[in-house]
Amino acid sequence: EIGDEKLQVRHAIENAGRNIEQVSRNLTDHISYVSFVIRTQSEKPIRYSKTYIKLSTDAFYIGLVLCAMLAFITLFIVFGLVCGICGRRPDGYDDDCCNKGAGSRFLLLGVTFQFLFSCVLAAGIIILIVFSVASQRLICDPLKEPNNSLIVHDLNKLLEQELNETKFNLKLDQMINRCHQNRSLFNVLNLDTVYDLDELSSFVQKFQISQLMSNLRNKIKFDGQQVVLITPRAKQYLSELANSSLATFPFSRLIDALPENIISYDLMEISAELEQLKDSFPSTSKIADKIYRFETIASNVKVIQNKCNDLKTHLIRIDNSLKLNYESLNVAVANLLQQIEQSQKYLNQNGREL
């Protein structure tokens with residue numbers, strides 16, 4: 001009877017697992033499709049964004065140059081005003097360097113540079129204003145307030161046309177708002193319209209896993225007997241395995257000794273190039289025969305390389321399986337025996353109350 005209950009529990013868990021796997025596969029497929037759409041539709045915007053970043057850097061340096069020019073002109077005007085206001089009239093005998101004559105010259109230079117650089121300053125300022133306003137309206141405002149942006153509204157129409165034949169109901173303004181709220185990818189992509197994750201929690205009731213587990217638990221009777229998870233003979237076998245030569249087998253050295261490539265040249269590529277040249281020689285030529293032999297050798301080397309890679313993969317798998325993700329087989333066996341003994345002790349002490 002217990003065996004039948006165990007089989008029913010196993011089948012219920014397997015069915016639930018298959019359903020969860022199917023849900024996971026569907027979600028993965030939908031996310032992959034969305035990723036494909038985003039990747040294909042974002043190639044040009046990303047390319048434009050790189051240009052925008054470069055222009056932003058150029059605009060920064062242009063702004064620095066304009067500021068330096070304005071500071072240069074302002075410096076001459078300030079010197080002119082200071083010398084003109086605070087300086088004395090030049091008398092030709094005991095003049096200071098800062099007099100009204102020097103102030104007039106500074107003012108004259110400041111006005112001269114102002115007229116010389118006025119076109120450059122005006123053009124640079126106009127370019128910066130246009131660039132800044134365009135960036136604010138086309139990039140910053142849609143990302144900051146997507147609900148009030150006509151650009152986002154137009155992009156929503158394009159997105160609806162692209163996803164017209166799918167189950168997705170994506171809107172760019174909602175995606176941006178959810179990103180601002182630090183929502184998960186599931187919510188950002190609105191995947192709840194594709195599948196309701198609340199149904200996952202219903203699998204336990206749908207397949208009656210809790211009820212079957214309860215029935216199985218009620219049918220398990222200890223009858224005063226001690227639970228034995230491992231026999232003394234099995235312990236002895238595990239101890240002998242931990243102390244055997246297998247525990248010290250140099251798997252890592254053998255794995256490192258296997259080369260990634262038997263030779264440094266790609267024989268198959270060379271063979272393909274020789275195959276193209278073979279038609280230019282007569283069939284009775286020795287060169288054609290040597291090309292055929294080379295192809296045979298290249299094929300054999302390829303087979304050997306694949307066998308080496310398979311052997312390396314199996315060695316890594318065996319090494320990890322023996323050590324159970326521990327540093328050595330001795331430590332793995334010791335921890336395994338300790339866990340079994342603790343589980344056995346716990347079941348004997350608390351098994352009836354479970």
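Me: What should I know before I start?
Reply: Since the model is predicted, local features need pLDDT of at least 70 and side-chain atom pairs count only at pLDDT 80 or more, while totals for chains, interfaces and linings use all residues. Residues are numbered from 1 along each chain as its sequence is written, and side-chain values use heavy atoms, leaving out hydrogens and water.

Me: How many helices and strands are there in the protein chain?
Reply: Helices (H or I, at least four residues) and strands (E, at least two) are DSSP runs, numbered from the N terminus. Here you get 14 helices and 0 strands.

Me: What share of the 354 residues is buried?
Reply: Buried means under 20% relative accessible area, exposed over 50%, and partly exposed in between (1.4 Å probe, protein chains only). In this chain, 22% are buried.

Me: And where is Leu75?
Reply: Leu75 sits in helix α2 (residues 43–86). Leu75 counts as partly exposed because its relative accessibility is 44%.

Me: How do I read contacts by sequence separation?
Reply: A contact means heavy atoms within 4.5 Å. Of the contacts between residues at least 6 apart in sequence, 67% join residues at least 24 apart.

Me: Which residues does UniProt list as "transmembrane region"?
Reply: UniProt positions follow the numbering used here, feature names are shortened, and annotations may be inferred rather than shown by experiment. The unreviewed entry gives 59–85 and 106–134. In the model, residues 59–85 are 100% helix, with end C-alpha atoms 38 Å apart; residues 106–134 are also 100% helix, with theirs 39 Å apart.
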